[in-house]
Every structure is written in C-alpha cells, then in structure tokens.
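Work through each task before reading its solution.

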Amino acid sequence: MLTWMSGVLMVLLVGGWVVLNQTCGERYHRLGRLSMDGLRLQRLAPPLLFLLERGKVPMRFPIVFYRMQGSVQKIHGLRHSAELTLLFMAEALAYTWLILIGGCLWSLLSGDVIGLLAGLALGALLPVALMKDLHKKVTLREQDIVMELPELLNKIVLLVGAGETVQRAIIHCVERNEDASHPLYAELKRMVLEWEGGHPFQQAFEQFNKRCGVQEVSIFTTTVLLNFRRGGNDFVLALRDLSRVLWEKRKAIARTRGEQASSKLVLPMVVIFMIVIVLLGAPAFMMMNM
C-alpha cells in the first residue's frame, strides 16, 4: 500500500510539472528568466509560478507576501519587486517539489514510510528556512549600511569643510571607494547616476532613502536636505552631531556581532572538548580493563 501511494504521488509530481511546463505559457517562462541573485532552480520556476498565480497565493496570504516583498525590495530594488517575490516563492516551492520526489523515490526503493515522512517534513520546513535566510540577509544589509554611514559622514564633513559642495563631496566618496559591492556605496552610486541623468538633488536623495530603507539613512537624508542650502558651519556641525550618534550605533552593532560570533563557537568548542576527553580517557579505561 505504501509503495503504491509513493509511486502515485511521484508520478503526479513529475507528470504535473511536465504538463504545467507545456501549458503555462510564455509569460511564466519570461518571468522565470528574471535576474535574481541566489536562485538555483529558476529553470523549474515557470510551472510553479503558474500555480502560485492561479492559486492566488499572494491574495490568500497577503501578510506573508508583502513582508517577503519588502525584503526583496531592500535587496534587489523596487523594479519588478512583485515578480521577483513570486520568483522567490517559486524557488522555495521548487525545493519542496524536489524533496517530495526524493522522499517518494526513497520509499519506493526501501519500502519504508520514513522516506515519505522525511520528504513531507523537509518540504514543509525548507520554505520557512529560506524566508528566514532572506530576512537575515536584509538585517545584515541594514547593519552594513549603518556601520559604514559614520565613515561616510566623516569624509563628507572633511570635504565640505575644505570648500566642496555636498554633491561633489558625495561624488568624491563614491569614486574613491574601493568596495563597489557595499550596499551603501552601491545606492550612492545609483544616486549619482540619477543626478547625472538630470534628476533633481532632492528627488534623487529621497529615492536613495527609500531604497536603503534604514532609519539612520532617513535621518541622514533629512539632515542633508534641511541644511545643505545653508552650507558652512551649520551644515558641518549638523553632520558632526549625527556622526557621533551613528558611531555609538556602530559600536552597538559591532558588539552584537561579536556576541553572536562567540555564541556560534560554543558548539564546536564543546565537540572538541568531548573529543579530547575521549582521546585522553580511552587509554585509561583500556588499562583498567586489562
């Protein structure tokens, strides 16, 4: 009975994907080719995108969808955020699909229910793990931005104090930055390109604030927009005050990361300690038995 159920489920999963892949249409194949870092099963996505959209999953679970969309927007930008969120959900569903197929195959070969149960359990837990990983990436990105922001403020204060305008100071900071992959400088570079494309300074700065999605960047943006027209000592003093506050937040984040790193070392240290005890205690026990 178990073998028959596993075989039927496996045929339904494999055959269903093949049929849906042939009937889902070019639109879903086009959505499956959108560029999104971290995805490994995009080739399997079109039928699953079809299922998600026809099943109205975003409408049935709006809180989960919009929370996920907010995380996708912070990492990948506002453009195509809804489609990328669906693509991420299809990726999680593809992992579940493959794990269920693997569990059915295991049950067929071994004749044991453990394979099917393990496939169901892992298939349910993996999407949750992927969502947590996405939110963790957002948190790390926000922390990276907050930790780099005081350094940026110090550079801007020095350049403005030397007679540069705010725009030229930011451009100098972007041009001299070596780590182009850093999220703060990536957004600053995009803002500079918007200036060069004709966008007003205020509008480009507000879009930069929205893309970062960090409270500290919002405070920085507000301070710049309120004081950059005045220039001179008032602007420099405002940035210095903000820089002192951000340095304290940077210290707090560094302290938190240090505590997290030390807590991750606890389990390896316990394992090493147990191995040492076994290595030292085994000869003693062998001598006692002799």
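The largest share of the lining of the second largest pocket, 5 residues, comes from α6. The model is predicted, with local features needing pLDDT of at least 70 and side-chain atom pairs pLDDT 80 or more, while totals for chains, interfaces and linings use all residues. Residues are numbered from 1 along each chain as its sequence is written, and side-chain values use heavy atoms, without hydrogens and water.

**Exercise 1.** Describe the second largest pocket and its lining.

*Solution.* Start with the terms: on a 1 Å grid over the protein atoms alone, a pocket is an open set of points where a 1.4 Å probe fits, with protein on both sides within 12 Å along at least five of seven lines, and lining residues have an atom within 4 Å of a point. The volume, the space filled by probe spheres set on the points, is about 230 Å³ here. Next, 13 residues line this pocket, with M68, M89, A92, P127 and M131 closest to its centre. At least two lining residues come from each of α5, α6 and α7. By class, 12 are nonpolar, 1 is polar and none is charged.

Note on methods. Helix = DSSP H or I, 4+ residues; strand = E, 2+ residues; numbered from the N terminus. Nonpolar A, V, L, I, M, F, W, Y, C, P; charged D, E, K, R; others polar.
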